[in-house]
Every structure is written in C-alpha cells, then in structure tokens.
Amino acid sequence: MQFDQNTCILSTMPGLNEYYYDGQELVVSDQMKQDFKQDGFIIVRNLLSQQELAIVEEAVNGPESLTSFAYGHDDGEGRLAKMCLWNNPGNDTTGVLSRTRKLANTSKELLGADVYHYHSKLMMKEAKTGGKFVWHQDYGYWYNFACLYPDMLTVFIAMDKTDQENGCLQILRGSHRCGRLDHGVVAGQNGADLKRVAALEAVLDTVFVELNAGDALFFHSNLLHTSSANVSQRRRWAILSCYNTTHNSPHEKIIHAHYEEPLRLLDNDAVLKTGVNRDLNGKDIVVKTDGNYVHYFS
Ligand SMILES: O=C(O)CCC(=O)C(=O)O
C-alpha cells in the first residue's frame, strides 16, 4: 500500500489505478490525473458510504419515482438492461449527488476544464435477465449527438457489488488514446468495429472492474468498454453520471443537455444532509419508446 500525502487517499493497487475516498475533500492528485491520462480511468473506492447508498436507493424507488420511468435496452439476445435517464440534475437526491464536489469537481480536475452535467442514468441489470453491452466508446454515441471533442467522462457508481458473475464493466486499458473508432450495428446494438477491437484486445489489458457497492469508476469517453449479461441471482444496479466540458456543448440540439450555466457544486456530504428527495421537476427525464425519445419533467 502506498500513501499519497497530497490527497489523503490510499492508492492500494497501482495497476488498477485504485484510490480510497476517506470521506473528506477529494483532492485530485497529480498521480490520479496521470493515471487517467495514461489509462483512461481511475477507481475511487468508497466514494459513497452505505448510508448515502441507502438514501439513493430509497429516493429512486417507490411510486412516481425515477424507476417508474425505466425503459428496456434490448441486448439482442433476449435480455434487457433496464435504465432510466435524465439530462438535468434537478433537486432530487440523484441531482444532489451529481452536483457534489466528489463527482463534479473530480471530473473537472481529470478533464482539466470546467464541466457541466450532460446526463445521468440508473442502469438496472436485474438478476438472471440483465442484458449485456457490446464493446463501445461513449463518444462513439456522443459524437453523433453533436459534441465536437471527446472531452467528456462518466462516473460509474456501483449500487451493488459488481463482479464478473453479475456483469461488471470490462475496459481496455489505454484504449481512449486510439481516438474514436467507427461504430455500427453489432449484435443488434450500436457497437465499435469488432475487427479493430480484436486488434486492440491483442495489445491492451482487459480489466474487469469489480466494485463494491459505493465504489466508483471515472472513465474517459473514448475508453472502450463492454459488460456481460447478468447470469447471477443478484441484481447489478449502477448510477452513471456523465459530465461534459463547458467548451464542448453540442452544436445542435439532439438529446442530452447543453451548457447553460455553471454547475452549482455541493459539499460532499450533501446527500446525507438532504436525505430522500423525489422531486423530479426540471430533470428532463428521457424515455425511449419505439425508437423515439419522449421528455418528461423538463
Ligand atoms: O452498465 C453497463 O454494464 C454498461 C453501460 C454502458 O456501457 C453505457 O451505458 O454506455
């Protein structure tokens, strides 16, 4: 174990770019920035405490809560990953979470520029039925959503223990440095060119991102990632918050949020202080039905 004196964060396994959040200010060290630049990801263990997770869980469930806006993402093999997606943070617990410094300021530091909330989603891979995602880059999609630069990232926060059995993320270390790959239809999904992915798999490490509930993966929008179906008896839920740099607001209105005003950052204990809030006003929840996007609570 290595103690990083600048950050009060323990770096336990350098190969996993793994840091430990101590519950105070999350100071992004030069080493964390270097890991992100070199490998396209860092893992921050314990980003959310069990108490915070319990609040988030209660907030997203229940009548007329976020989960009532879930829709299915068909994996082409008879399984579904269910998800709910919203463009704006809003005032509910998930919005508070995405405005905490530990998510938003860390994203800003890793990208090296001011950020705004591009969208978030709750990804619900249920036990036995949760679908897979083919290899892709998020910027493979976001390029088509009119973002000019890949200066964007995602914070994947595990709400459950996620491992190889229940379909954890797999990433190709350093693949973000290849730039954007061509994407097209792969097994019924929008995926990266499989020939190019195979060539990259031959030369780059595949990392299975196994996380405990509350751990988070920060990853670059060009990092190749995939996940298998959930064949276990355990659900695999995660919140994915995506941040875009303010200089990279989409040049056309397509689906996700544009930059309008600086993100109002909140203290790292804001979820604990706010508690359960299910106010969906202003969130711009997006539901995909029959290939069309429908917006609620704009
Ligand atoms: O949650 C997962 O397993 C993958 C999600 C993902 O890759 C995405 O939403 O882009």
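1. Start with helix α2, residues 50-60, in this predicted model. Glu52, Ile55, Val56, Ala59 and Val60 are buried there. These residues cover an arc of only 120° around the axis, so they sit on the same side of α2. An α-helix has 3.6 residues a turn, so residues three or four places apart point the same way. On the other side of α2, Gln50, Gln51 and Ala54 are exposed.

2. What do the buried residues of α2 pack against? Their partners are α3 (93-99), β7 and α7 (270-274). Just after α2 comes Gly62, with a positive phi of about 100°.

3. Now the loop between β4 (41-45) and α2, where Asn46 is found. Asn46 is not a glycine, yet its phi is positive, about 65°. Is Asn46 buried or partly exposed? It has 16 other C-beta atoms within 10 Å, so Asn46 is partly exposed.

4. Asp290 is another residue to check. It lies in the loop between β17 (285-289) and β18 (292-296). Its phi is positive too, about 50°, although Asp290 is not a glycine. Asp290 counts as exposed because it has 5 C-beta neighbours inside 10 Å. The cut-off for exposed is 12 or fewer.

5. Next, strand β16, residues 236-245. It is mostly covered: ten of its ten residues are buried. In a regular strand the side chains alternate between the two faces of the sheet. Look for that pattern here. Arg236, Ala238, Leu240, Cys242 and Asn244 point one way from β16. Trp237, Ile239, Ser241, Tyr243 and Thr245 point the other way.

6. Which strands pair with β16? One is β7, residues 115-125, which pairs with β16 in the antiparallel sense over ten bridges. Met123 stands opposite Ala238 in β16. Another is β9, residues 152-158, which runs antiparallel to β16 and is joined to it by seven bridges. There, Leu153 has Tyr243 of β16 as its bridge partner.

7. Thr154 is found in strand β9. It has 25 C-beta neighbours inside 10 Å, so Thr154 counts as buried. What does Thr154 touch, beyond its neighbours within four places in sequence? It is in contact with Asp138, Phe219, Leu240 and Cys242. Thr154 and Ala238 are 84 residues apart along the chain, and their C-alpha atoms are separated by 12 Å.

8. Which residues are around the ligand? They are Met123, Phe133, Asp138, Gly167, Leu169, His225, Ser227, Ala238 and Leu240. Two elements give two or more residues to this shell: β15 (225-227) and β16. By type, the shell has five nonpolar residues, three polar and one charged.

9. Finally, the whole protein chain. It has seven helices and 18 strands. Its C-alpha atoms fill a box of roughly 50 × 45 × 45 Å along the principal axes. Why does the radius of gyration agree with a compact globule? With 298 residues, such a globule would have a value near 19 Å, and the protein chain has 18 Å.

10. How much of the chain is buried? Buried residues make up 46% of the 298 residues. Consider also the contacts between residues at least 6 apart in sequence: 81% of these join residues at least 24 apart.

Definitions and conventions
Residues numbered from 1 in each chain as written. Predicted model: local features only at pLDDT ≥ 70, side-chain atom pairs only at ≥ 80, totals over all residues. Near = placed C-beta within 6 Å. Helix = DSSP H or I, 4+ residues; strand = E, 2+ residues; numbered from the N terminus. Nonpolar A, V, L, I, M, F, W, Y, C, P; charged D, E, K, R; others polar. Buried ≥ 20, exposed ≤ 12 C-beta atoms within 10 Å, placed from the backbone. Pairing = 2+ DSSP bridges. Arc of directions from axis to C-beta. Contact = placed C-beta atoms within 7 Å. Rg over C-alpha atoms; globule rule 2.2 N^0.38 Å.
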